[in-house]
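This report describes how two parts of one protein chain meet. Please look at the structure below before reading on.

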Amino acid sequence: MNVLAIDCAASLCAACVYDAAVGRELGRSVLDLGKGHAEHLMAVIAEALKVGETDYAGLGAIAVSVGPGSFTGLRVGVSTARGLALALKIPAIGVTTLEALAAEAAVAFPGRAVLAALDAGRDEIHAALYDKALVLTYGPAVTTLADAVAMATEQSLVLAGTAAAQIAASAARTFDIGPRTATADIVTYARLASAKGEGERPKPLYLRGADAKPQAGFILSRQQK
């Protein structure tokens, strides 16, 4: 089964095609935009399909990053994933940015518990804790730096995400750190979605209110939520 993965959770507008049967990426397209995901996402998807030598008819599922992340970017990505899934009559599968970052950290440091943490500003951190088997044991939730430091120190966790260095510095000790980015590589979302299989329709994971208005044309109605 070919899976199309979409990620607009941070500055990247990314898509890839992944052959779940053999665990191989077939093609990708990634733009570092910052803003403007709505204007570019369909072209990015088209390029990924072209590089992957397939088309919409060859897809068996859509994977999408659901956040936490950019309020507007998440709406763009999730709306597009759900729209494509509906039109193609295939499942859309959501993957959080935190579980994707934790999965990448676990590849670098296997058999270790991981705290994935994103700097959310306003002295807040968006965090999720995963055990040695990558089973979620805390979050995703909004926490303070002090609480994140306490969690990390008590269990000697591997850190991942944009708040990893901040947590390590505040704890004044050395931690093993995986990816320090706001989102994972696009193929990670495809791989995790393939392992999950079909579930509830994805929706954006907002851990606090919006800082900006969503881009026109990508607003989910109350009925869709």
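The centres of domain 1 and domain 2, taken over C-alpha atoms, are separated by 24 Å. The contact (heavy atoms within 4.5 Å) takes eleven residues from domain 1 and nine residues from domain 2. The domain bounds come from an automatic or database domain assignment, which divides the protein chain as follows.

| Domain | Residues |
|---|---|
| Domain 1 | 2-96 + 183-196 |
| Domain 2 | 98-170 |

The model is predicted: local features need pLDDT of at least 70, side-chain atom pairs count only at pLDDT 80 or more, and totals for chains, interfaces and linings use all residues. Residues are numbered from 1 along each chain as its sequence is written, and side-chain values use heavy atoms, with hydrogens and water left out.

Between them, domain 1 and domain 2 bury about 820 Å² (the accessible area, 1.4 Å probe, that two parts lose on being put together, summed over both), and 60% of it lies on carbon and sulfur atoms. In domain 1, the residues that lose the most area to domain 2 are Pro68, Thr96 and Leu192, together 56% of what that side buries.

One salt bridge is counted between domain 1 and domain 2; the term denotes a side-chain nitrogen of Lys or Arg within 4 Å of a carboxyl oxygen of Asp or Glu. The side chains of Lys196 and Glu99 meet in a salt bridge, at 3.0 Å from N to O.
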